[in-house]
Amino acid sequence: MKKFMAAMLIFILVISSGLSVSAATKYSPNTVKKLGTQGKLPKTVGHVGMTYGQLKKQIPGHLEIGEAGTLYYAKNSTAVYLFLKYDMKQMKNSSKVYLISRTFKQSSFTKPLTASVMKKNFNGKTKVGSSNYFGGAVYKPAYKTNSKNYIMHNINATEGIVTLTVGTKKNLQSSGWWLNS
C-alpha cells in the first residue's frame, strides 16, 4: 500500500508540475529538408552565413586549422563549422560560416536517412567531388533543399551513423569537404 501511495504521489507531482517524460526528439526527413533551406541542421545551433562572433557567443568550442579552412568544433557535440580562412590570424568576429557538418546516429530520425529516403524527400540529387582526385573519382551525394542550399549525405551503415553537411552547392564543391566526410 505504501508503494502504491508513493507511486501515486510521484505521478501527481509530475503531472502538476507540468513535466513530462518523453522520448528524445526524432527528426523526420522533411524536418531535415526544412532546416536545410535555412542553412541549419537538426540538433545544431547556428546557420550557414552566421558570423564567428555570433557562433562563439552561442556555442562553446575551439578553432583548429584544417585542410579545407578553419574549423570550429562545438564542445559536447559532433557539429563542425567551416570558415574559409587558412590562417587563424585571418579569423575575425565578422568571418562567416561557410558550411556546417554534423554526425548523427540513424536512430535520431523517424526513419533512417538512406539514399532512397533522401531522394524521395528532397528536390533533387547532385554529386559533389572530383572525377580526377589522384587518379580516381571521389563523389558524395548532395540533395537540394531549396534554390540555395544543399545537404551532403554520407552513410556509415556498419556503425549506424550518417553525416550531414549543409551549404551551397558551390561551397560544398569548392571547400573539398567531400573528401572529409
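Trainee: Let's start with threonine 37: buried, partly exposed or exposed?
Mentor: Threonine 37 counts as partly exposed, because its relative accessibility is 29%. Keep in mind as we go that this is a predicted model.

Trainee: Noted. Which element does threonine 37 lie in?
Mentor: Threonine 37 is part of helix 2. Its side chain comes within reach of a backbone oxygen, that of lysine 34, at 2.5 Å.

Trainee: And what does threonine 37 contact beyond its neighbours within four places in sequence?
Mentor: There it is in contact with Thr145, Asn146 and Asn149. Look at threonine 145 in particular: 108 residues separate it from threonine 37 along the chain, yet their C-alpha atoms are 5.2 Å apart.

Trainee: Which residues of helix 2 are buried, then?
Mentor: In helix 2, which spans residues 29-37, the buried ones are Pro29, Val32, Lys33, Leu35 and Gly36. They lie on the same side of helix 2, because the arc they cover around the axis is only 165°.

Trainee: Remind me why residues three or four places apart point the same way in an α-helix?
Mentor: It's the 3.6 residues a turn, so residues with that spacing point the same way.

Trainee: What covers the buried residues of helix 2?
Mentor: The cover includes helix 4 (115-121), strand 7 (149-156) and strand 8 (161-168). After helix 2 comes glycine 39, with a positive phi near 75°.

Trainee: Changing topic: how do strand 1 and strand 2 pair?
Mentor: Strand 1 (residues 61-65) and strand 2 (residues 70-74) are antiparallel, with five bridges between them.

Trainee: What about the hairpin of strand 1 and strand 2, how many residues are between the strands?
Mentor: Four, and glycine 69 has a positive phi there, near 145°.

Trainee: And which way does strand 2 pair with strand 3?
Mentor: Those two are antiparallel as well, over four bridges, with strand 3 covering residues 80-83. One of the partners to look for is valine 80 in strand 3, which bridges to tyrosine 73. This hairpin has five residues between its strands, and asparagine 76 in the turn has a positive phi of about 60°.

Trainee: How many of the residues in strand 2 are buried?
Mentor: Four of its five, so strand 2 is mostly covered. Tyrosine 72 is buried, because its relative accessibility is 3%.

Trainee: While we're on rings, how many aromatic pairs are there?
Mentor: The count is five. Among them, tyrosine 72 pairs edge-to-face with tyrosine 81, at 6.3 Å centre to centre and 65° between the planes. Tyrosine 81 is buried too, with a relative accessible area of 1%.

Trainee: What about phenylalanine 104 and phenylalanine 109, how are their rings arranged?
Mentor: Also edge-to-face, with 5.3 Å from centre to centre and 65° between the planes. Phenylalanine 104 is buried at 3% relative accessibility, and phenylalanine 109 is buried at 3%.

Trainee: Which residues do ring pairs link into a cluster?
Mentor: Tyr52, Tyr72, Tyr81 and Phe83.

Trainee: Another one: where does threonine 126 lie?
Mentor: Threonine 126 is in strand 5, residues 125-133. It counts as buried because its relative accessible area is 17%, which is under the 20% cut-off. Its side chain makes a polar contact of 3.4 Å with the side chain of lysine 169. Beyond four places in sequence, the residues it touches include Lys140, Pro141, Ala142 and Tyr150.

Trainee: Last topic, confidence. What does the chain average in pLDDT?
Mentor: The average is 81, and 80% of the residues score at least 70.

Key:
Residues numbered from 1 in each chain as written. Heavy atoms only, no water. Buried < 20%, exposed > 50% of the residue type's maximum accessible area, 1.4 Å probe, protein only. Polar contact = N/O pair within 3.5 Å; in protein donor to acceptor, adjacent residues only side chain to side chain. Contact = heavy atoms within 4.5 Å. Pairing = 2+ DSSP bridges. Arc of directions from axis to C-beta. Phe/Tyr/Trp six-rings, centres within 6.5 Å; stacked < 30°, edge-to-face > 60°. pLDDT = per-residue confidence, 0-100.
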